[in-house]
Amino acid sequence: MMFRKDGEEVDGIKAEKLSQSNWKIEIIFQDEDILIVNKPTGLQVHPDSKNLTGTLANYLLAEYPEIKNVGESIERPGIVHRLDRDTSGLMMVVRNNQAFQYYKRQFQQRKLKKVYWALVHGNVSNNSGEINLSIGRSPKHTEIRSTADYAKDKKDARTFYKVLERFKVTKSPSKEFLYTLCEVQLETGRTHQIRVHLKSIGYPVAGDVVYKFKRLRAPVNLKRMFLVAKKLEFVDRAGKKKKFEIEISEDLEKVLEEIRN
């Protein structure tokens with residue numbers, strides 16, 4: 001079935017152009033195998049039972065129709081890994097099945113390097129560290145992940161972090177707010193892994209409304225979760241090393257400037 005026309009259904013998924021007034025989807029790099037996308041915060045990666053349209057996958061079907069039959073699921077054309085809806089930054093999309101199988105193995109064998117920046121609540125005590133806690137589903141809320149013993153279907157998960165900068169924000173003589181900017185690297189890729197792991201050691205991501213502690217206050221002008229997929233490194237099918245890195249967005253840079261002062 002041809003589906004270049006905007007809005008035409010493709011096996012139950014619509015190829016649709018997303019409004020650029022709502023989403024700025026930047027293609028950082030492309031070749032015959034892959035696209036490197038800078039995903040904006042708030043944009044869901046692929047359709048689910050609640051959202052059939054308005055996702056990155058819908059947009060990509062309209063712009064790159066060759067990805068229709070790429071991958072293992074018609075709901076996730078070309079998607080070899082994903083980012084949470086509220087996480088922004090670099091993401092790979094694959095354009096043919098040979099490349100899909102290659103990069104799937106790269107992810108499974110943990111040969112791709114994914115580096116994030118996260119602003120967290122609190123003064124992270126160690127300059128660097130490793131979090132090695134299995135993650136599973138909450139029995140009451142299956143969309144929520146947990147490291148607790150009661151979590152279901154737990155899988156191993158490992159996260160490395162290092163401190164980039166610490167902040168001490170004084171709002172009044174009697175109250176201080178502490179934040180730490182961390183660089184985070186994933187060895188595994190579990191759902192909500194960074195958010196769950198950082199909360200598990202007492203430092204939830206600033207702006208995260210799901211994995212947070214009560215009474216914590218995010219920086220005044222932080223309107224979203226401060227978690228960015230900042231770097232992506234891998235070896236392509238031709239054996240060439242690829243490295244991509246983005247600057248954090250203007251709104252997040254402004255937040256850092258404000259809490260530095």
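Analyst: Happy to! In this predicted model, β13 and strand β14 (residues 241-245) pair in the antiparallel sense over five bridges.

User: What makes β13 and β14 count as paired strands?

Analyst: Two strands pair if there are at least two bridges between them. β13 and β14 have five, so by that rule they are paired. One place to look is phenylalanine 234, which stands opposite lysine 242 in β14. The hairpin of these strands has five residues between them, and glycine 239 takes a positive phi near 85° there.

User: Which pairings does β13 make with β5 and β6, and in what sense?

Analyst: With β5 the sense is parallel, over two bridges, and glycine 89 stands opposite alanine 229 in β13. With β6 the sense is antiparallel, over six bridges, and lysine 114 stands opposite leucine 232 in β13. The cut-off is at least two bridges, so the two bridges of β5 and β13 are enough for a pair.

User: Why is β13 called largely enclosed?

Analyst: Seven of the nine residues of β13 are buried, so the strand is largely enclosed by the rest of the structure.

User: How do you know that the span of helix α2 is close to the expected one?

Analyst: Helix α2 (residues 97-108) has twelve residues and reaches 16 Å from its first C-alpha to its last.

User: What puts the buried residues of α2 on the same side?

Analyst: The buried residues of α2 are Ala99, Phe100, Tyr102, Tyr103, Gln106 and Phe107. They cover an arc of only 170° around the axis, which puts them on the same side of α2. Gln98 and Gln108 are exposed on the other side. The buried residues pack against β4 (34-39), β5 (88-94), β6 (113-121) and β13 (227-235).

User: What is found at the start of α2, and what follows the helix?

Analyst: At the start, a side-chain oxygen of asparagine 96 reaches to within 3.3 Å of the backbone nitrogen of glutamine 98. The cut-off for a polar contact is 3.5 Å, so this pair qualifies. Arginine 110, with a positive phi near 60°, follows α2.

User: How do you know that the buried residues of α4 line one face?

Analyst: In helix α4 (residues 250-260), the buried residues are Leu252, Val255, Leu256 and Ile259. Seen down the axis, they fall within an arc of 95°, so they line one face of the helix.

User: Why is aspartate 84 called buried, and which residues does it touch?

Analyst: Buried means under 20% relative accessible area. Aspartate 84 has 11%, so it is buried. It is found in the loop between α1 (56-63) and β5. Leaving out residues up to four places away in sequence, aspartate 84 touches Lys39, His192 and Arg195.

User: What makes threonine 180 buried, and where is it found?

Analyst: Threonine 180 is found in strand β12 (residues 175-186). Its relative accessible area is 0%, and the cut-off is under 20%, so threonine 180 is buried. A polar atom of its side chain lies 3.1 Å from the backbone nitrogen of valine 124, and 3.1 Å is within the 3.5 Å used for a polar contact. Not counting residues up to four places away in sequence, threonine 180 touches several residues, among them Ala118, Leu119, Val163 and Phe167.

User: Finally, how many helices and strands does the chain have, and what share of its residues is buried?

Analyst: The chain comes to four helices and 14 strands. Of its 261 residues, 48% count as buried. The chain exposes about 13,900 Å², with carbon and sulfur atoms supplying 44% of that area.

Methods: Residues are numbered from 1 along each chain as its sequence is written. This is a predicted model: local features need pLDDT of at least 70, side-chain atom pairs count only at pLDDT 80 or more; totals for chains, interfaces and linings use all residues. Side-chain values use heavy atoms; hydrogens and water are left out. Buried means under 20% relative accessible area, exposed over 50%, partly exposed in between (1.4 Å probe, protein chains only). Accessible areas come from the Shrake-Rupley method with a 1.4 Å probe; for residues, only the protein chains shown count as cover. The arc is that of the directions from the helix axis to the C-beta atoms. The expected span of a helix is 1.5 Å times one less than its number of residues. Contact means heavy atoms within 4.5 Å. A polar contact is a pair of N or O atoms within 3.5 Å; within protein, one must be able to donate a hydrogen and the other to accept it, and residues adjacent in sequence count only if both atoms are side-chain atoms.
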